[in-house]
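Student: I have a single model open and would like to go through it with you, one question at a time. Could you take me from the overall fold down to individual side chains?

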Amino acid sequence: MEPSAFYTMKGYELAADTQITTAMEDYLEMICRLDAEKAGPIRIRALSQQLHVKPSSASKMVSNLREKGLVTAEKYGEIHLTDSGRAFGQYLLYRHDLLHQFLCFLNHSQNELEQVEKIEHFVDEKTVRSIQAFLGGLTQESRA
């Protein structure tokens, strides 16, 4: 893609070499969040409740994640992260938390969850690292 060319959002999505869709990212992120809570086994019902979707939708998405090698799951069984699923999911959680921190700073607020959910899938890793460096610089300045 030419750097100066304009495309529709769909055009950018099609041109991107992404491993999973934005919806799959949401599910993997929530599976990682539930896994980190260690509140028991992760099941479709809990996942669907957390994401406010039908269990059939959650089941289909878990199947897609399983096909990508990010989770293991049997029908009506527990959902487990694979090593690659855990690594990718931890990055998704990190990106989410960093963007939340950044937007709260920018907007002088305590909660920017909706904004983060709307934009997190469209911020590349280079931008995430730049935000991290920016926020780190602010922290160092405030200590000086």
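The questions and answers below go from the chain as a whole to a helix, a pocket and some histidines.

Tutor: This is a predicted model, in which local features need pLDDT of at least 70 and side-chain atom pairs count only at pLDDT 80 or more, while totals for chains, interfaces and linings use all residues. Residues are numbered from 1 along each chain as its sequence is written, and side-chain values use heavy atoms, with hydrogens and water left out.

Student: What pattern does the protein chain follow along the sequence?
Tutor: Helices (H or I, at least four residues) and strands (E, at least two) are taken as DSSP runs, numbered from the N terminus. The protein chain has seven helices and two strands. Read along the sequence, they give the pattern α-α-α-α-β-β-α-α-α.

Student: What share of the 144 residues in the protein chain is buried?
Tutor: A residue counts as buried under 20% relative accessible area, as exposed over 50%, and as partly exposed in between, with a 1.4 Å probe and protein chains only. For the 144 residues of the protein chain, the buried share is 34%.

Student: Why do the buried residues of H3 line one face of the helix?
Tutor: In H3, which spans residues 44–51, the buried residues are Ile44, Leu47 and Ser48. An α-helix has 3.6 residues a turn, so residues three or four places apart point the same way. Taking the directions from the helix axis to the C-beta atoms, the buried residues of H3 line one face because they fall within an arc of 95°.

Student: Which elements are included in what covers the buried residues of H3?
Tutor: Contact here means heavy atoms within 4.5 Å. By that criterion, the cover over the buried residues of H3 includes helix H2 (22–37), helix H4 (55–67) and strand S2 (79–81).

Student: Which element gives the most to the lining of the second largest pocket?
Tutor: A pocket is an open set of points on a 1 Å grid over the protein atoms alone, where a 1.4 Å probe fits and protein lies on both sides within 12 Å along at least five of seven lines, and lining residues have an atom within 4 Å of a point. The second largest pocket is lined by 14 residues, with Ile44, Ser59, Glu74, Lys75 and Tyr76 nearest its centre. H3 and H4 each supply at least two residues of this lining, and the element that gives the most, with five residues, is H4.

Student: Is His121 buried or exposed?
Tutor: His121 sits in the loop between helix H6 (113–119) and helix H7 (125–143). Its relative accessible area is 14%, and His121 is therefore buried.

Student: Which side chain is joined to that of His121 by a polar contact of 2.5 Å?
Tutor: A polar contact is a pair of N or O atoms within 3.5 Å, where, within protein, one must be able to donate a hydrogen and the other to accept it, and residues adjacent in sequence count only if both atoms are side-chain atoms. Leaving aside residues up to four places away in sequence, His121 touches Thr22, Glu25, Asp26 and Arg95. Its side chain makes a polar contact of 2.9 Å with the side chain of Asp26, whereas the contact of 2.5 Å is with the side chain of Glu25.

Student: What phi does His52 take?
Tutor: His52 is found in the loop between H3 and H4, and at 72% relative accessibility it counts as exposed. Although His52 is not a glycine, its phi is positive, at about 55°.
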